[in-house]
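Trainee: I would like a close look at one part of this protein. Please pick a helix and walk me through its residues.

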Amino acid sequence: MKGKVRQVLTSMIDPLRFPPDDIVDLYSQRWEIELGYREMKQGMFAGHYTLRSQTLDIIEQELWGVLLGYNLLRYQMLEMSRHCLGIPPVR
């Protein structure tokens, strides 16, 4: 066996409609998104889930600001990893 055996338990069992390799790939992508959410909640919000804004429009703006800040940080991590050979961007 050359690669890892990747399995995901799912109720989507029709292999023609839901190819198993596609499901595994999508789950891997979803997991990365979940890790990003956790990082934002624990790191950028310092463990606090309270938004400072009081109106829906400003709450939406605050959330977009957090997402923008998160993506800018991740972009800089990617750029720095290109200059530090052998160090992946997630470190």
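Mentor: The protein chain has 2 helices and 0 strands. Helices (H or I, at least four residues) and strands (E, at least two) are DSSP runs, numbered from the N terminus. This is a predicted model: local features need pLDDT of at least 70, side-chain atom pairs count only at pLDDT 80 or more, and totals for chains, interfaces and linings use all residues. Residues are numbered from 1 along each chain as its sequence is written, and side-chain values use heavy atoms, with hydrogens and water left out.

Take helix α2, residues 56-83. It has 28 residues and reaches 41 Å from its first C-alpha to its last. That is close to the 40 Å expected at 1.5 Å a residue (the expected span is 1.5 Å times one less than the number of residues).

Now burial. Buried means under 20% relative accessible area, exposed over 50%, and partly exposed in between (1.4 Å probe, protein chains only). Buried residues make up 11% of the 91 residues in the protein chain. In α2, the buried residues are Glu62, Val66, Tyr70 and Ser81.

Start with Glu62. Its relative accessible area is 12%, so Glu62 is buried. Leaving aside neighbours within four places in sequence, Glu62 is in contact (heavy atoms within 4.5 Å) with Leu51, Arg52 and Ser53.

Move along to Ser81, also in α2. Ser81 counts as buried because its relative accessibility is 14%. Not counting residues up to four places away in sequence, Ser81 touches Ile87, Pro88 and Pro89. A polar atom of the Ser81 side chain also lies 2.7 Å from the backbone oxygen of Leu78.

Next, charge pairs. A salt bridge is a side-chain nitrogen of Lys or Arg within 4 Å of a carboxyl oxygen of Asp or Glu. By this rule the count comes to 2 salt bridges. One joins the side chains of Arg82 and Glu79, at 2.7 Å, N to O. Both residues lie in α2, 3 residues apart, about one turn of the helix. Arg82 counts as exposed because its relative accessibility is 53%.

For comparison, look at helix α1, residues 20-44. There the side chains of Arg30 and Glu34 meet in a salt bridge at 4.0 Å, N to O. Arg30 and Glu34 are 4 residues apart in α1, so about one helical turn separates them. Arg30 is partly exposed, with a relative accessible area of 43%. Glu34 is partly exposed too, at 33%.

Terms used
A polar contact is a pair of N or O atoms within 3.5 Å; within protein, one must be able to donate a hydrogen and the other to accept it, and residues adjacent in sequence count only if both atoms are side-chain atoms.
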